[in-house]
Amino acid sequence: MSCSPCRCSELMIEELKHTTVLLGEAVKQLNIVADGIYIDGTFGRGGHSQRILSQLGAEGKLLVIDKDPTAIAIANQLAEEDSRVSVAHGSFAQLKEWVKQHHWLGRVDGILLDLGVSSPQLDDAQRGFSFLQNGPLDMRMNPDHGVSAADWLARAEVRDIATVLKEYGEERFARRIANAIVHAREEADITTTKQLAEIVAQANPSWEKHKHPATRSFQAIRIFVNRELDDLQQGLDDALQCLHVSGRLVVISFHSLEDRIVKRFIRKHEKGTEYPPGVPVTADMVASTQRLRGERKPVRPSEEEVQQNPRARSSIMRVATKLR
């Protein structure tokens, strides 16, 4: 039985309010067909999924995925009311595995990945994502799985902390901040977001204008704890195999590291497989290579959307179509 859009919307609002970034633009780029198969790889609070379902017919299918147990609880309620919805708890890095279970490999019409942390996660101090609110230093998308930020920082070597801050946060003062963290934990366990934010702020000698000095460090540790960039690379590889020819891949990124991976992935598959000079390659071998065509201009939020939802400011959306 199909879900009532009004009932499902009430469900989302009752749980946790969240403004979906690039809602209309992202779903438009999926080119929804009524009986198509679609995947929302980052369900969140269901904004994109709701819009997709509103355009699907009775024979359409939607698989929703999320690491966050709270998001999955909302998704399961949606699936109970709408038989077109299937739910998978985990990372979109497992995309191909779940698609195979549904016998959809090579048959998916569109895949949407909305990366980053959702507003409800940031606003919930108990999740430990935000340096603006004091809470347990966790940062895991799934609090029941993996190692928390506090546990990792309690035993990581200075060089490892510095590497994470530099590579995932592009932090200029990574070594200095890493040293400060290790020195501070010798005095007392670092267990809250407030403690970590204060340590980083004191160690950072040059604060960026209009940016909290702990911004880059928190981003870096969160990315590392959740394996976000590794998952993204695997998820993109899986998505290409899951899509059918003419299927759409839509990815919304929120920082340059994510966007760089997406951009390079699309460019790589626009060119096709590159072979070393002298390697014998036949025409049929080249033709079998999976290819993408990326839209030349990325999509950014309008000024109106940014005014209504400041967290949309850094978002950038890239779109690609599978050619073969």
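The model is predicted, so local features need pLDDT of at least 70 and side-chain atom pairs count only at pLDDT 80 or more, while totals for chains, interfaces and linings use all residues. Residues are numbered from 1 along each chain, and side-chain values use heavy atoms, without hydrogens and water.

Nine of the twelve residues of H11 are buried (under 20% relative accessible area; exposed is over 50%, partly exposed in between; 1.4 Å probe, protein chains only). Among them are Phe218, Ile221 and Val225. Their cover includes helix H7 (149-155) and helix H12 (228-242), counting contact as heavy atoms within 4.5 Å. After H11 comes Arg227, with a positive phi near 55 degrees.

The structure holds two aromatic pairs (ring centres within 6.5 Å, using the six-membered ring of Trp; planes under 30 degrees apart are stacked, over 60 edge-to-face, the rest tilted).

| Pair | Centre to centre | Angle between planes | Class |
|---|---|---|---|
| Phe131 and Phe218 | 5.4 Å | 85 degrees | edge-to-face |
| Trp152 and Phe224 | 4.6 Å | 40 degrees | tilted |

Phe131, in the loop between helix H6 (119-123) and H7, is 87 residues from Phe218 in H11. Trp152 in H7 and Phe224 in H11 tie together parts 72 residues apart in sequence. Phe218 is buried at 3%, whereas Phe224 is partly exposed at 31%.

How values were computed:
Helices (H or I, at least four residues) and strands (E, at least two) are DSSP runs, numbered from the N terminus.
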